[in-house]
Amino acid sequence: MGLLNTQYAEIMRKYDQIQLDNAETERRRQEEVFAAIPAYEALHKQLSSLCVSRTKQLLMGNDAALASLKEEIRALSQKKEELLVAAGFPKDYLDPIYTCPHCKDTGYLPDQSKCLCLKRNIVNYLYNQSNLSDVLYRENFDTLETKYYNGKDLENYNQILAKCHNFVSGFNSGYQNLFIYGTVGTGKTFLSNCIAKELLDKGHSVIYFSAPKLFDILIENRLDEQKGDAYLNDFYDCDLLIIDDLGTECTNRLTTSELFTCINERALRKKATIISSNLQLGELTDRYSERVFSRITSGYELLKVTGPDIRIAKKLAQ
Ligand SMILES: [Zn+2]
């Protein structure tokens, strides 16, 4: 799972809250029953002290006393239930309340594996963190269409698609980066969204940023020493960072240096990055620097998407 410790702690705090809320409901229900059935509270106290005695006898290994206590407890429990039902309450009204009965709101099953509810909470959390939660329901491998590509463009697109699938299937076993480039509207962002959804659904942390937004945040945090490192670590440590539309930001010396630091840090940590851009490869050197060009061309699989501007093709088809 691609969660940082602080993120994991945030999710587990929700489980603590669920347990507290349910305990509060149990307490209120008990008060309600005690008020409605006066005999019930006495029975309840009697039963509690019998349970304490049972524990003592159990520790002393007194089997005969245990057997008779067990019988008394059973009879009292039955009496309590009868009183409850006679007063019009459901017979399980005072049973412990669990929002998830499988893990009893702990997030973990008895064999210490993660409960389905915890896995789901982690994925939801990662979706919310990714900046992609809405778009991925529309843009994923299931909704992807190739009808706007023809001839050589289609052939090329299908090869790129296969590489994107490989990127996902090999994500756990190897470390890979993609540089998806080509002219405006050829579906580059759609491809990175498809990959993001597959990985988020598997519980990986994915962070998406358009290049202008990413550089704003990187530079702002770089200049603010107090926030600085912890925040930047999220960018360097998430399982997949997507930098969309590289080249649309206002490029200057600061953005060039942040771009290099970002892709370099991620490479050192063996964390995957996908960059999409309308720039041609040669423009990387002119716009950024030789070392950015060299990092990308040597460390990234280069996928050049060709074809019509899909946004225009879609409008024409309407
Ligand atoms: Zn659960």
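Modeller: Helices here are DSSP runs of H or I with at least four residues, strands are E runs of at least two, and both are numbered from the N terminus. The protein has 13 helices and five strands. This is a predicted model: local features need pLDDT of at least 70, side-chain atom pairs count only at pLDDT 80 or more, and totals for chains, interfaces and linings use all residues. Residues are numbered from 1 along each chain as its sequence is written.

Biologist: Why are helix 2 and helix 3 called roughly antiparallel?

Modeller: Angles run from 0 to 180 degrees between N-to-C directions, and axes are lines fitted to C-alpha atoms, for helices over the stretch in contact. Under 35 degrees counts as roughly parallel, over 145 as roughly antiparallel, 65 to 115 as roughly perpendicular, the rest as oblique. Helix 2 (residues 38-60) and helix 3 (residues 63-86) cross at roughly 160°, with axes that come within 10 Å. Helix 2 and helix 3 are therefore roughly antiparallel.

Biologist: What makes the contact of helix 2 with helix 3, by residue class?

Modeller: Contact means C-beta atoms, placed from the backbone, within 7 Å. The contact divides into 13 nonpolar, five polar and four charged residues. Nonpolar covers Ala, Val, Leu, Ile, Met, Phe, Trp, Tyr, Cys and Pro; charged covers Asp, Glu, Lys and Arg; the others, Gly among them, are polar.

Biologist: How is helix 8 oriented to helix 10?

Modeller: The axes of helix 8 (residues 211-223) and helix 10 (residues 253-268) come within 10 Å and cross at roughly 90°. That makes helix 8 roughly perpendicular to helix 10. F215, L218, I219 and R222 of helix 8 meet L254, T255, E258 and C262 of helix 10. These divide into five nonpolar, one polar and two charged.

Biologist: Why is S77 called partly exposed?

Modeller: A residue is buried if 20 or more other C-beta atoms lie within 10 Å of its own, exposed if 12 or fewer, and partly exposed in between. S77 has 13 within 10 Å, so S77 is partly exposed. S77 sits in helix 3. Across the protein, buried residues make up 24% of the 318 residues.

Biologist: What radius of gyration does the protein have, and what would a compact globule have?

Modeller: The radius is taken over C-alpha atoms, and the globule rule is 2.2 Å times the number of residues to the power 0.38. A compact globule of 318 residues would have a value near 20 Å, but the protein has 30 Å. Its C-alpha atoms fill a box of roughly 85 × 50 × 35 Å along the principal axes.

Key
Contact = placed C-beta atoms within 7 Å.
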